[in-house]
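Reader: I'm new to this one. Could you show me how to read a few of its features?

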Amino acid sequence: MLRVALRRSPHTIDDHVEHPYNMNNHGANGREDSVVRPVQYLEKSTGEVKAKDKVALIILNSPIPEYEYLHQLYDHASLTICADGGANRLHDLLLDQSGQSECESALQVLLPDLIHGDLDSLQDTVRKRYEQIGVKVSRDPDQYSTDFGKCIKKAIELLPDVRDILISGSLGGRVDQGIGLLHELYREQVIRHPNVRFWLFSEASVSTLLSPGTTVVDTPLSSGLITRNIGILPLYGPTILSTKGLEWDVESWESEMGGQVSTSNHIMAEKISITTSKEMLRQAKTSPDINNYLTYITVTPSPPDGFSQNAYHGARSAAAILLKNNVKTSYRTIPDPSKAYVKSSILVGLQDGNAQIRNFVGNVVTEVVRQGGVMGWPQLLPDLLSMAANENGQSAAEAQDGAMGALFKICEDNKRLLDQDVPNQGRPLAYLLPKFLDLTASPNPKLRSRALSAINVFFNEPIAVTARDNVNSILPRVVQLTADENEDVRRFVCRTFALLADGMPSVLLPHMEGIINYTITQQKDIQNEELALDAAEFFFEASSTPALRDAFGPYLDRIVPVLLDSMIYSEDDQLRLEGEAEDADVEDEEKDIKPQFATSKTSRATIDGGSKATSQAINGQAKPAANGYAYEDDDELSEGEIDEDDLEQDPEDEWNLRKCSAAALDSIASHFGGPVFNVTLPWLMENLGHKDWQNREAAVLALGAIGPGCMQDIEPHLPKLVPYMLSLLSDQQPVVRQITSWALSRFAGWASHLNPIDKQQYFEPMMEGILRCMLDNNKKVQESAASAFATLEEQANTELMPYSAAIVQQFVRCFGRYKDRNMYILYDCVQTLAEYAGPELAKPELVDMLMPALITRWEKVQDQSREMFPLLECLAFVATALGNRFTPFARPFFMRCIRIIQDNLEAGANVASQPYLDIPDKDFLVTSLDLLSSIIQALEEPYSSELAKTAQPNLFEMLAYCMKDGNNDVKQSAYALLGDCSIYIFPQLQPYLPTLLEILLHQLELSHVAEDPDTACRVLNNACWSVGEMAMRHKDGMAPYVDRLLSKLALIMFAENVPDSINENAAIAIGRLGIGCHAQLAPHLGTFAMPFLRAMQKVSWTDEKGHAYKGFASVVLDNPQAMEQCLLDFFAEMANAPGLFLTGMQAEGPLQNFEKVLSQYKGLIGDGWDNYLHNLAPPQEQALRQLYTF
């Protein structure tokens, strides 16, 4: 990016500002601009110029430095658009300039053609004033583009031949917004609109993206419009740079962010030239021999004349990356001679002295295998293995390293392919595994560890068939490597044991004594935390495996102490944590907030104090998958991949030795109980009162870890332990308060169910202490306490109801103090309280406390914010809990959900026609649909019907689109809403049934289940249920659809490859159809009666089952002969019906129809009736005669 400093005003020579002008070498996507003139739009414009130029001006919502500065840009533009709040900036500037004497005339001076964006920043007064003088205002609701992107799209729509787009914006202020603007500038010019040049005019500079190759920049210093300051920044990737006409010219100079950059340079001529090396590659790409050239550059270590070693390394790296990408995207079209050249030459690069080049070459080789198959390069694997093993005695250490690295990548990326049979060849993996085993005996420890890591790839789930078949030859060699002197080798041995414990535990069972002794020894090596972590992984995996954990019994007195000692923070961690400050009033940055997704409710009672952790997701950090076991220097990232180290991840969120040990201890305690407590107790007694906080913290962590599993043995000690832990909630160290909140929640189930006196002594202080920590001055303590309180709510259940007022009062205080990150877990606390103490929340005084706090947050959160997901989920529970009390608040929530759904559907439709747009996040649809369902359920029918009737756009028209959505989570929620509308607002739904039923019929296909069994089954379940709910209300109105519904539902009811609940819901739907359409179903009764009865036998006696049997009995009355094969089964079901259930449902239930059926068959069978009933079991016959009159 090129950036040239401007004089402060276009018309006056002022003190120049030290603001470099940046020019990027990747701009314009190859556009051939030989000359650019940064000052052209700051010079005086004539009307003729404006009329003929195809120039657009976009005014962003950022400070406008000077009136004259903007006036010049405006005069050059034939189209001016204000991006949302940019209209506020322009309005205020013009009123200030005119002294606000005459508003309309002031605004007419620089009148925009359009105000465009999502309009969330446009002030109402500004909008009204501009509309009054004829300025058009348009809204684009797309949640996945910025106002800048929206305005560019609109400018090109209104001015198709636009040549240049001028942007009045700012690179000052917030750094993230400035970088975001540069990112969008690149995307719009290079990716989306390569024929348009974008000019960014900021506070004191003009910036543009330069095309690759040589660009001449017209820099008329004599004009007085620019200063000498200039910057050339490679913002979007490394380049080789050459310049002429600057004070500090460079020649073939490697430039990249983090390396050398040309900032604060000075212009020394009226014209300067800038050349980048990427132009050579761009031109070469059109050559049919491009991949040959790239291969040659990649594998040739010596630079040509005129290139420094550093510059040439950059060129080689770029060539290797480009070659890999060409193979990835165009392998089938690469000429065969070129493929042959690449294969014959590229392996030389694995011998390179530079590890990064070897790594890049390994990526190329892996991509060729992935695209062309193993047999497309049959000699590759033997050549790599020969090089790695140094079979010819001439492979240097670098070559062996490069070959082994390439082999590992091939295994990792082609695991399934290598395990497949090749005609007349067998499986490639059968050839590889023995060779890898041989390499584990190499004198080179790096080769030994990498060979074992390659073997481990195939023990990841799903375990490769060949690895499973050969495990008995692999395991003895792994056992031999337990004595290896190299720590990395021993790490991978531990990983092998952990993988086998998870995937093939039976093979380890005969060796458990030796493996346990080995891993204990390795975990004791605290100096090597990575080795200790891999050892702890074995204990974690094995303790979760029934086939292995019993073997731990004899060794608990050795395993448990090692796990306990590993739970103490290291010295480095202690120093880091002791420096933590009180930060509750510090605003969160966006990077601090973890991505949110619409999720179902899960248990929180788990290790450590993070939000929604599980024993495998401690502090929110999931245990890494075993296939993450790559060797440590394999750090090359795919294009577009983000290095996690760059995200500044909080060390407390990482899976580490401490958390793994705690999770393993939790699992072992859950299985062994008392014996684990007996081993742990002396350690607890030593460390709970320790003078060092890190020991006290580890003791509390251990106590929480073993709590649920050892409850029977711990319970006698809890009267002393709980008060002690409560005292630690005031500990000086935040991390101690954090872990104590979590540990106390593990005992909430015990405390909440004590007798009233003991509850007052233990449970109430526990609850109050955790609630107090929810307003701690440290945000991590707040988060841990909030998560702990959600666990306490679940454990206490309805026992919490008497305390609801105090709890809500504290939640409201939290709403007033929490920053964005902790607001997410606070929603979960409110949601859980609503779930377990719902009736209490509906009290007027609690409604008056809670709802204003929720509404304040609701009004602050923007439609496109991911915070909307947990907020909508929380509100759905609150609406259900409040019932009719939610009515005064319902309309704004309901209508905003309608708007969010509309915007998301429109954004999805835009993607179909404009593929470069981002796909909208479907979780907005899911959570909005769910809240609509909750509101419709909560309100009385007149109020919910009124909301549905007045929704714009129409609720049911949008529901139809959601039912057809490609995302199963969306469809699941859509069919749930369809069923709820059938129950609660059927008159509003009824006119739309013809359209909705046609969509529903398409969904009732078992073929959908094969595509994604888990999510598709949930959709199918809800679809079947919604049919039954519609049938209950529409009755004979279902007649036009009954035949098709029966054919679909019957197949689902017969299916064996779906969960029972789906068979049952399909059966209930068929039965309910019989209420209004029994005559249509009767001819088919013989085909579905027996499967219907089998499915219904598994269903509890609920109203739904009663309705289904009422309809089924009506069908039987129409065709009694069809029941010949299963009549006794039907009678047995009648006999099993509870009497209170039958009389409780009254006319809505099956009682009357059951009696009619019995009377009808009594008449048909005649004198043999009593003998026929004797075929039932005596208790069933007796129940039948007692329950029914016939």
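This is a predicted model: local features need pLDDT of at least 70, side-chain atom pairs count only at pLDDT 80 or more; totals for chains, interfaces and linings use all residues.

Reader: How many residues of helix α2 are buried?

Author: Helices (H or I, at least four residues) and strands (E, at least two) are DSSP runs, numbered from the N terminus. Buried means under 20% relative accessible area, exposed over 50%, partly exposed in between (1.4 Å probe, protein chains only). In α2, residues 67-76, eight of the 10 residues are buried, among them Tyr67, Leu70 and His76.

Reader: And is glutamine 1003 buried or exposed?

Author: Its relative accessible area is 5%, so glutamine 1003 is buried. You'll find it in helix α47, residues 993-1003. Contact means heavy atoms within 4.5 Å; leaving aside neighbours within four places in sequence, glutamine 1003 has contacts that include Met963, Tyr975 and Leu1020.

Reader: At what angle do the axes of α34 and α36 cross?

Author: Axes are lines fitted to C-alpha atoms, for helices over the stretch in contact, and angles run from 0 to 180 degrees between N-to-C directions. Here α34 (residues 756-773) and α36 (residues 804-817) have axes that come within 10 Å and cross at roughly 10°. That makes α34 roughly parallel to α36, as angles under 35 degrees count as roughly parallel, over 145 as roughly antiparallel, 65 to 115 as roughly perpendicular and the rest as oblique.

Reader: Which residues meet there?

Author: Met767, Leu771 and Arg772 in α34 meet Ile807, Gln810 and Phe811 in α36.

Definitions and conventions:
Residues are numbered from 1 along each chain as its sequence is written. Side-chain values use heavy atoms; hydrogens and water are left out.
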